[in-house]
Amino acid sequence: MNTNKTIKWGILGCGNIAHYFAQDLGSIPNAKLHAVASRNLQKAKDFGEKYDAPQAYGSYEELSKDNEIDVIYIATPHVFHHENTIMCLNNNKAVLCEKPFAMNISQVEEMISIAKEKQIFLMEALWTYFLPHYDHVLKLIDSKEFGNVKTVTADFGFAATFNPDGRLFNKKLGGGSLLDVGIYPLFAALSILGYPDKIEANATFGKTGVDETCTMKLEYNNGTSASLFSAISKDTNTEAIIEFEKATIKINTQFHKPSSITILKNGVSESFEFPVTTNGYNYEAIHVQNMLLQNSTESTIMTFDKSLQLIKMLDTVREKIGLQYS
């Protein structure tokens with residue numbers, strides 16, 4: 001394995017999250033942002049100039065055909081993930097695609113099938129899985145230091161400015177709280193408790209037909225449960241609370257981002273900080289680079305099975321709340 005090889009990245013889509021990702025790529029040894037693409041060439045040029053990318057394209061297809069690129073980070077709205085990923089895979093590019101992987105399980109299955117057939121690396125960019133604080137919590141769970149987990153409570157809500165044409169409130173762009181932020185509490189439950197035996201959910205809908213809040217309850221045959229909530233119409237604590245037999249761990253506010261944790265045991269509270277010097281996207285990018293250097297075609301952490309389980313949970317919740325995308 002040549003650990004000194006420079007991995008050349010392409011970024012497909014130049015929205016807000018792409019800026020954070022590009023900033024963090026600059027902190028990674030042996031990572032180079034080679035090219036960016038937007039449907040607006042000038043936007044791509046401005047983005048590329050800001051992050052020192054030598055190539056800028058006015059179409060996604062041009063980016064996918066750039067022979068210099070090793071891996072493409074897809075940062076477009078949810079509804080385009082499926083087609084963008086397949087285009088990149090068909091042009092023999094490894095792909096790190098933003099969450100949610102796609103709009104439904106059939107799209108995700110097709111993406112994974114093509115990646116397997118062509119033996120090209122593909123991963124859903126669920127960055128929380130790779131963050132130091134979250135990794136620490138998962139290790140504490142595995143250690144059984146505090147006994148078994150009894151319940152998980154997690155929320156993610158923020159009061160977005162209403163814009164019927166914007167990504168969050170536009171049904172045609174996969175808007176609503178569930179796919180945008182509800183995926184994080186669902187992911188927390190999945191990564192801590194596994195796939196549930198029963199899912200119940202209800203939602204409130206706004207005038208554009210998207211779910212503005214979503215309440216989810218997951219139940220497991222072993223007696224554990226998860227209570228989850230998402231919103232784009234109100235601010236919430238955005239915490240994850242894990243109750244064990246012998247202690248309680250709280251992943252503090254903005255639990256999906258680099259954060260701190262608090263452990264409450266025998267009436268004593270202790271906090272642990274996990275300072276980072278980046279936005280936090282570098283951790284998943286480093287993992288992707290390691291996978292590529294090992295010639296792996298699937299992540300050892302955010303596996304295909306995990307992505308399939310997650311989209312299945314999202315599909316089930318959508319069915320329970322009566323949310324359909326055209």
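**Note on the predicted model: core, helices and loops**

1. Leu-186 is in contact (heavy atoms within 4.5 Å) with Leu-178, Met-216, Leu-218, Leu-228, Leu-310, Met-313, Leu-314 and Val-317, leaving out residues up to four places away in sequence. The model is a predicted one, in which local features need pLDDT of at least 70 and side-chain atom pairs count only at pLDDT 80 or more, while totals for chains, interfaces and linings use all residues. Residues are numbered from 1 along each chain as its sequence is written, and side-chain values use heavy atoms, with hydrogens and water left out.

2. Leu-186 is also one of the residues with the most contacts inside the largest nonpolar core, together with Trp-9 and Leu-33; this core has 109 residues. A nonpolar core is a set of buried Ala, Val, Leu, Ile, Met, Phe, Trp, Tyr and Cys residues joined through side-chain atoms within 4.5 Å. Buried means under 20% relative accessible area, exposed over 50%, and partly exposed in between (1.4 Å probe, protein chains only). Helix H7 (residues 177-193) gives the most to the core, with twelve residues. Helices (H or I, at least four residues) and strands (E, at least two) are DSSP runs numbered from the N terminus.

3. In H7, 17 of 17 residues are buried. The helix reaches 22 Å from its first C-alpha to its last, close to the 24 Å expected at 1.5 Å a residue; the expected span is 1.5 Å times one less than the number of residues. H7 bends by about 45° at Ile-183, and Pro-185 follows within four residues. The bend is the angle between axes fitted to the seven residues ending at a residue and the seven starting there. Just after H7, Gly-194 has a positive phi of about 90°.

4. Helix H9 (residues 304-321) has 18 residues, and its end C-alpha atoms are 26 Å apart, which agrees with the 26 Å it should span. Its buried residues include Leu-310, Met-313, Leu-314 and Val-317. The buried residues of H9 pack against helix H5 (105-118), strand S6 (122-125), H7, strand S8 (198-205) and strand S9 (211-219).

5. Gln-289 lies in helix H8 (residues 282-293) and counts as buried because its relative accessible area is 5%. Its side chain makes a polar contact of 2.8 Å with that of Trp-9. A polar contact is a pair of N or O atoms within 3.5 Å; within protein, one must be able to donate a hydrogen and the other to accept it, and residues adjacent in sequence count only if both atoms are side-chain atoms.

6. The count of disulfides (pairs of cysteine sulfur atoms within 2.5 Å) is zero. For Cys-88, the nearest cysteine sulfur is that of Cys-97, 8.8 Å away. Cys-88 is buried, at 0% relative accessible area, and Cys-214 is buried at 0%.

7. Lys-99 and Pro-100 are joined by a cis peptide bond with omega of about -15°; Pro-100 is in the loop between strand S5 (94-98) and H5. Asn-92, not a glycine, has a positive phi of about 60° and is exposed because its relative accessibility is 54%. Asn-266, in the loop between strand S13 (261-265) and strand S14 (268-272), has a positive phi of about 50° and is exposed at 71%.
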